[in-house]
Amino acid sequence: MKYAIVVLETDDDFAARSDERGAEYMGAYGAYNQMLVEAGVEAGGAGLMPPSHTTALRVSNGTRHVQDGPFAEAKEQLGGLFLIEVPDLDTALEWAAKCPAAARAGVEVRPLIPPMDQAGG
């Protein structure tokens with residue numbers, strides 16, 4: 001089954017990506033990703049730009065409404081995600097516990113909806 005490990009980051013975490021802590025901070029994520037690859041469970045993922053780079057889109061009555069972010073006043077924001085393929089939730093939680101964000105702002109683990117089959121889905 002595929003799971004998303006959703007990385008949550010604080011404003012300080014986003015800042016650490018590009019300040020003097022950047023090499024260590026991003027290096028921890030690189031090492032984590034390498035562990036996933038070596039274990040054969042990595043199925044995709046990506047880091048996201050900080051919330052200040054967000055653009056929201058809504059369509060109402062056929063009209064497109066675009067708004068620049070950030071939008072929510074929150075302690076944690078979505079920072080990226082790792083996709084893994086493992087047998088069950090317990091295994092996904094084991095991998096999530098190893099993610100650098102688990103010791104900082106936290107992570108969420110969510111199963112992916114399986115693709116609908118082309119014939120009857």
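What follows is a chat about how to read a few features of this predicted model.

Me: Let's get oriented. How many helices and strands does the protein chain have, and in what order do the elements run?
Reply: The secondary structure comes to three helices and six strands. Starting at the N terminus, the order is β-α-α-β-β-β-β-α-β. The C-alpha trace spans about 55 × 45 × 20 Å along its principal axes.

Me: What share of the 121 residues counts as buried?
Reply: That would be 29%. As for contacts between residues at least 6 apart in sequence, 73% of them join residues at least 24 apart.

Me: Now the nonpolar core. What's the general idea, and which residues have the most contacts inside the largest one?
Reply: In soluble globular proteins, nonpolar side chains tend to be buried together. Here the largest nonpolar core has 17 residues, and Phe-82, Ile-84 and Trp-95 have the most contacts inside it. β1, α2, β5 and α3 each give two or more residues to this core, with α2 giving the most, four residues.

Me: What is Trp-95 in contact with, leaving aside its neighbours within four places in sequence?
Reply: Its partners are Ile-5, Tyr-32, Met-35, Leu-36, Ala-39, Val-41, Ile-84 and Val-86. Trp-95 also has Lys-98 lying over its face, at 4.4 Å from the ring centre.

Me: How do I read an aromatic pair, and how many does the structure hold?
Reply: A pair of aromatic rings is described by the distance of the centres and the angle of the planes. This structure holds three such pairs. One of them, Tyr-29 with Phe-82, is stacked, at 6.4 Å centre to centre and 10° between the planes. Tyr-29 lies in helix α2 and Phe-82 in strand β5, so this pair ties together parts that are 53 residues apart in sequence. Both Tyr-29 and Phe-82 are buried.

Me: Last topic: backbone angles. Where do I find a positive phi?
Reply: Most residues other than glycine have a negative phi. Gly-40, which follows α2, has a positive phi near 75°. Asn-61 is not a glycine, yet its phi is positive too, about 50°.

Me: Where does Asn-61 lie, and is Asn-61 buried or exposed?
Reply: Look in the loop between β3 (55–60) and β4 (63–68). The cut-off for exposed is over 50% relative accessible area, so Asn-61 counts as exposed at 79%.

Key: Residues numbered from 1 in each chain as written. Predicted model: local features only at pLDDT ≥ 70, side-chain atom pairs only at ≥ 80, totals over all residues. Heavy atoms only, no water. Phe/Tyr/Trp six-rings, centres within 6.5 Å; stacked < 30°, edge-to-face > 60°. Buried < 20%, exposed > 50% of the residue type's maximum accessible area, 1.4 Å probe, protein only. Lys NZ or Arg CZ within 6 Å of the ring centre and 35° of its normal. Core = buried A, V, L, I, M, F, W, Y, C linked by side-chain atoms within 4.5 Å. Contact = heavy atoms within 4.5 Å.
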